Amino acid sequence: MYEIVFFDVDGTLYSEVDRGIPESTKVAIKRLHEEGIKVVVATGRPHNLCEELIALGIDTLISSNGALVKTQSNVIYKSVLSPETVRELSSFAELNGHSISYFTDSISMNGIGVEEERVRNALEETLALSDYPNKLDILPEEIYCMCLYADESEARKFIDNFPQLQFVRFHSYVMNILETQVVSKSEAIKKVLDYYNIDVSNSIAFGDGGNDLDMLEFVGLGIAMGNGEERLKQKADFVTKKASEDGIYYALTKFGVI
């Protein structure tokens with residue numbers, strides 16, 4: 001019996017066509033709640049870009065690709081980048097003219113690339129942001145995630161200069177910057193399952209992108225969206241319809257969850 005469902009956001013809960021939540025998805029979430037099944041968001045977004053989902057009654061959120069896990073106001077888990085890493089990367093990015101984003105509960109950036117088309121397209125495609133976020137003038141004590149805006153050739157200088165760090169690409173122009181391998185959606189899911197005392201075999205996850213691969217492989221039933229990446233579909237237990245074609249509702253009813 002499934003007790004918990006984890007959802008990616010963009011391209012999964014949100015339609016890949018109009019970036020809205022399909023009505024069938026809202027109905028599915030409502031029915032999950034009525035069945036007593038826990039609903040959890042697992043997203044690369046910062047926490048404050050999930051207000052619409054909280055309004056649907058989703059009170060447990062994995063944000064920043066697993067670096068922050070909160071249920072209402074309670075922090076279940078957080079992974080904080082060292083101030084030294086933040087400072088050194090910020091200085092190197094400024095020296096080389098690259099955009100960096102910083103995730104706390106909200107998102108800020110380093111003020112580079114405000115008019116850069118590749119940066120703006122990436123912000124729209126990954127976070128549904130049409131405006132460049134505020135510039136971060138003073139680095140806060142706790143930053144959960146940093147993202148580098150660079151293509152493969154541009155990123156090489158960062159990878160060569162910071163061999164102790166990991167650069168994980170999840171978009172053609174955006175990479176997560178990690179200090180260890182323990183920050184991921186699947187690691188965060190482990191924390192949530194432990195918190196609610198739920199066995200992994202009783203969990204489901206939906207996703208569409210490369211940063212969803214580890215969580216779909218980890219849970220009891222991994223479902224890829226029809227609009228998802230091909231490598232994700234190949235690893236998933238089931239491929240549902242597109243998000244815009246009621247894919248979430250279709251899969252949950254097919255497996256008798258709702």
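Lys38 and Asp59 join their side chains in a salt bridge, with N and O 2.9 Å apart. The bridge ties together distant parts of the chain, 21 residues apart. This is a predicted model. In total, the structure holds 17 salt bridges. Its largest nonpolar core has 27 residues, and a second, separate core has 20.

**The Lys38–Asp59 bridge**

- Lys38 sits in strand 2, which spans residues 38–42.
- Asp59 lies in the loop between helix 2 (51–54) and strand 3 (60–63).
- Lys38 is partly exposed, at 21% relative accessible area.
- Asp59 is also partly exposed, at 22%.

**The Glu142–Lys78 bridge**

- Glu142 pairs with Lys78 in a salt bridge, and their closest N and O atoms are 2.8 Å apart.
- Glu142 is partly exposed, with a relative accessible area of 31%.
- Lys78 is partly exposed as well, at 39%.

- Glu187 and Lys190 form a salt bridge, with 3.1 Å between the closest N and O atoms.
- Both residues are in helix 6 (residues 185–196).
- They are three residues apart, so about one helical turn separates them.
- Glu187 counts as partly exposed, at 21% relative accessibility.
- Lys190 is partly exposed too, with a relative accessible area of 32%.

**A salt-bridge network**

- Four residues are linked in a network of salt bridges: Glu116, Arg118, Asp151 and Glu154.

**The largest nonpolar core**

- Among its 27 residues, those with the most contacts inside the core are Phe7, Leu13, Leu32, Leu53, Phe206, Ile248 and Leu252.
- Several strands each supply at least two residues of this core: strand 1 (4–7), strand 2, strand 11 (203–207) and strand 12 (221–224).
- Helix 1 (23–34) and helix 9 (247–254) each supply at least two residues as well.
- Leu53 touches Val9, Leu13, Tyr14, Ile21, Val41 and Ile58, leaving aside residues up to four places away in sequence.

**The second core**

- A separate core of 20 residues includes Ile4, Ile189, Leu216 and Ala224.

Notes: Residues numbered from 1 in each chain as written. Predicted model: local features only at pLDDT ≥ 70, side-chain atom pairs only at ≥ 80, totals over all residues. Heavy atoms only, no water. Helix = DSSP H or I, 4+ residues; strand = E, 2+ residues; numbered from the N terminus. Buried < 20%, exposed > 50% of the residue type's maximum accessible area, 1.4 Å probe, protein only. Core = buried A, V, L, I, M, F, W, Y, C linked by side-chain atoms within 4.5 Å. Contact = heavy atoms within 4.5 Å.
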